[in-house]
Amino acid sequence: MKILVTGGAGFIGSNFIRYVLENRPDWEVVNFDALTYAGNLANLADVADSENYRFVKGDISNPDDVRGVFGEKFDYVANFAAESHVDRSLYEPNLFLKTNVLGTQLLLNQALESGVKRFLHVSTDEVYGSLGPEGYFSEISPLEPNSPYSASKASADLVCRSYHMTFDMPVVITRAGNNYGPYQFPEKLIPFFITRALNNESLPLYGDGLNVRDWLYVEDHCHGILTVFEKGKDGETYNIGGASEMTNLEITRMILSILGKPQSLIKFVKDRPGHDRRYALDYTKVKKTLGWQPKMKFSEGLKKTIDWYCNNQKWWKDILSGQYRQFYELHYKERK
Ligand code: NAD
Ligand code: TYD
């Protein structure tokens with residue numbers, strides 16, 4: 001099998017590439033990534049010299065780049081490439097639409113033309129909008145996205161669906177909960193708070209801190225994606241849930257207590273506009289039809305993640321000393 005992984009230099013994409021190289025050693029992997037602020041080849045330093053892995057720099061929203069990479073034939077395409085941070089989508093919605101919607105459509109077009117056997121689009125539970133205290137999102141829940149990020153992901157999902165319905169293209173969609181684990185860019189809640197706590201800096205919790213997310217360990221997600229690639233049915237969508245609902249406040253308290261830092265580092269700040277209250281996924285479909293379910297317990301996964309950030313300080317300190325700081329300073333000035 002030869003697989004094109006877009007966005008493979010980011011958090012989940014790099015974990016997926018490592019997972020495939022370990023678990024499907026006869027596959028050939030091409031990583032196609034624009035190396036935006038979130039793309040980092042250091043995420044793959046340990047596998048960069050593998051014989052069956054190659055990196056190609058390119059932008060999914062640039063027709064020449066996409067045509068160029070499809071100069072060779074692939075069996076599978078896994079589309080991870082995206083602008084992925086809700087807070088950034090408040091400042092640059094146009095970039096989210098360009099990358100996440102138009103980029104996905106360009107990839108679909110080229111993949112269709114070259115006759116791939118399967119195109120897997122990596123999506124998110126955020127496309128469903130926000131839940132109250134009860135209930136779960138299933139694959140047939142309405143799409144009610146509330147941020148420019150989730151609207152762009154929902155739009156991309158619909159374009160994927162249309163390529164299956166209209167052109168009979170072998171497309172599958174996965175919708176996962178919030179991922180956590182090694183190599184997550186330190187602007188997302190868990191790595192942001194771990195790295196700030198290690199630096200004895202305050203942890204800015206939005207609103208009352210009681211928003212709920214359904215946390216999924218990244219390795220479980222990679223296993224879920226591989227399962228859908230190999231056993232999923234064309235045209236179907238699969239929820240990949242973590243069975244780990246937590247409030248942001250609970251997670252923050254756990255991080256501080258594992259690191260032995262004072263709870264007084266918590267700072268409640270102005271809420272995120274359009275902040276979804278709760279996400280929770282019903283993943284019965286993938287469990288019953290493909291036999292996948294999450295394995296990692298949240299408390300164990302969080303400890304593993306914290307250990308990784310403690311043992312890989314150069315990785316995140318290099319990121320924090322770069323351009324990223326500009327976004328951080330602009331954004332948190334507004335949250336005060
Ligand atoms: P990330 O921001 O860590 O990585 C995104 C990667 O895409 C980076 O390497 C970046 O350089 C690359 N990229 C961005 N724009 C590109 C472009 N125009 N062309 C080529 N490459 C480009 O994101 P992530 O957290 O790894 O998320 C990966 C995918 O999974 C995204 O599609 C996201 O919507 C989805 N997802 C994420 C989560 C989560 O909790 N992180 C949950 C569910 C779904
Ligand atoms: P985030 O990691 O940005 O993921 P998403 O918005 O895609 O779910 O945020 C997870 C939750 O943590 C979300 O409810 C917003 C909250 N949050 C904070 O309270 N403070 C922060 O500094 C960040 C980055 C997030």
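What follows is a short tour of the ligand's surroundings and then of some salt bridges. Keep in mind that this is a predicted model.

**Around the ligand**

Let's start with ligand 1. The shell around it has 28 residues, and those that come nearest are D33, D59, S84, Y149 and K153. What kinds of residues make up this shell? By class, there are 13 nonpolar, 12 polar and 3 charged residues around ligand 1.

Some of the neighbours reach oxygen atoms of the ligand. Y149 has a side-chain N or O atom 2.6 Å from an oxygen atom of ligand 1. For K153, a polar side-chain atom sits 2.7 Å from a ligand oxygen.

How much of the ligand does the protein cover? On its own, ligand 1 has 840 Å² of accessible area, and the protein covers 96% of that. Helix α1 (11-23), strand β5 (118-124), helix α5 (148-167) and strand β7 (178-180) each give two or more residues to the shell. The largest share, 3 residues, comes from β5.

**Salt bridges**

Now for the charged pairs. Side chains of opposite charge can pair when their charged atoms come close. In this structure there are 16 salt bridges, and here are some of them:

| Pair | Closest N to O distance |
|---|---|
| R24 and E230 | 2.8 Å |
| R88 and E187 | 2.7 Å |

R18 is in helix α1 and D46 is in the loop between β2 (28-33) and β3 (53-57), so the pair links parts of the chain that are 28 residues apart. R18 counts as buried because its relative accessibility is 12%, while D46, at 54%, counts as exposed.

Next up is the bridge between R24 and E230. Because R24 lies in the loop between α1 and β2 and E230 in helix α7, the pair ties together parts 206 residues apart in sequence. R24 is partly exposed at 25% relative accessibility, and E230 is partly exposed at 37%.

Then there is the bridge between R88 and E187. R88 sits in helix α3 and E187 in the loop between β7 and α6, so parts 99 residues apart in sequence are tied together. R88 is buried at 12% relative accessible area, and E187 is buried at 4%.

Finally, K2, E28, R54 and E72 are joined into one network by salt bridges that share partners.

Conventions:
Residues are numbered from 1 along each chain as its sequence is written. Chains are lettered from A and ligands numbered from 1 in the order in which they are written. This is a predicted model: local features need pLDDT of at least 70, side-chain atom pairs count only at pLDDT 80 or more; totals for chains, interfaces and linings use all residues. Side-chain values use heavy atoms; hydrogens and water are left out. A residue is near a molecule or strand if one of its heavy atoms lies within 4 Å of it. A polar contact is a pair of N or O atoms within 3.5 Å; within protein, one must be able to donate a hydrogen and the other to accept it, and residues adjacent in sequence count only if both atoms are side-chain atoms. Accessible areas come from the Shrake-Rupley method with a 1.4 Å probe; for residues, only the protein chains shown count as cover. Helices (H or I, at least four residues) and strands (E, at least two) are DSSP runs, numbered from the N terminus. Ala, Val, Leu, Ile, Met, Phe, Trp, Tyr, Cys and Pro count as nonpolar, Asp, Glu, Lys and Arg as charged, and the others, Gly among them, as polar. A salt bridge is a side-chain nitrogen of Lys or Arg within 4 Å of a carboxyl oxygen of Asp or Glu. Buried means under 20% relative accessible area, exposed over 50%, partly exposed in between (1.4 Å probe, protein chains only).
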